[in-house]
Amino acid sequence: MIKQRIPLSMIETKEIMKEAGAEAPELEVFLNKFSNLESKDVDKMFEELQTLDLLKINREQMVKIADLLPEDAVDFNKFFNDTSLDEDEQNKILDVVKKYK
């Protein structure tokens, strides 16, 4: 049964699977390989991104940021091509990401 429909980062997915006792070995291997942050870091990153008060950034985009950890404006623009952020906004987001790499 679907209780909520919200985007989840890879680390959040991993935690929910553990809590539910779900077994999906292939998914676990994938999540372990590509999730680069700890749960507490993802939570802190989301809080910091929210405090930037950028109206153009929503939960789904914050999840992408946490999962992909863009290093520069080029990486950032690869998945934010539909959102028009100016250079200052991009730099604020990238500064937050750099804290958690």
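Helix α1 spans residues 10–20 and holds I16. In this predicted model, I16 has a relative accessibility of 43%, so I16 counts as partly exposed.

Now to the aromatic rings. Searching the whole structure turns up four aromatic pairs. One of them is F30 with F34: the ring centres lie 4.9 Å apart and the planes meet at 45°, so the pair is tilted. Both residues sit in helix α2 (residues 25–34), and because F30 and F34 are four residues apart there, about one helical turn separates them. How accessible are the two side chains? F30 is partly exposed, with a relative accessible area of 42%, and F34 is partly exposed too, at 37% relative accessibility.

Another tilted pair is made by F76 and F79. These two belong to helix α5 (residues 73–79), where a spacing of three residues puts them about one helical turn apart. Are F76 and F79 buried or exposed? Both are buried, whereas F30 is partly exposed. F76 and F79 also share one aromatic cluster with F80.

| Pair | Centre to centre | Angle between planes |
|---|---|---|
| F30 and F34 | 4.9 Å | 45° |
| F76 and F79 | 5.9 Å | 55° |

Terms used. Residues are numbered from 1 along each chain as its sequence is written. This is a predicted model: local features need pLDDT of at least 70, side-chain atom pairs count only at pLDDT 80 or more; totals for chains, interfaces and linings use all residues. Side-chain values use heavy atoms; hydrogens and water are left out. Rings of Phe, Tyr and Trp (its six-membered ring) pair if their centres lie within 6.5 Å; planes under 30 degrees apart count as stacked, over 60 as edge-to-face and the rest as tilted. Buried means under 20% relative accessible area, exposed over 50%, partly exposed in between (1.4 Å probe, protein chains only).
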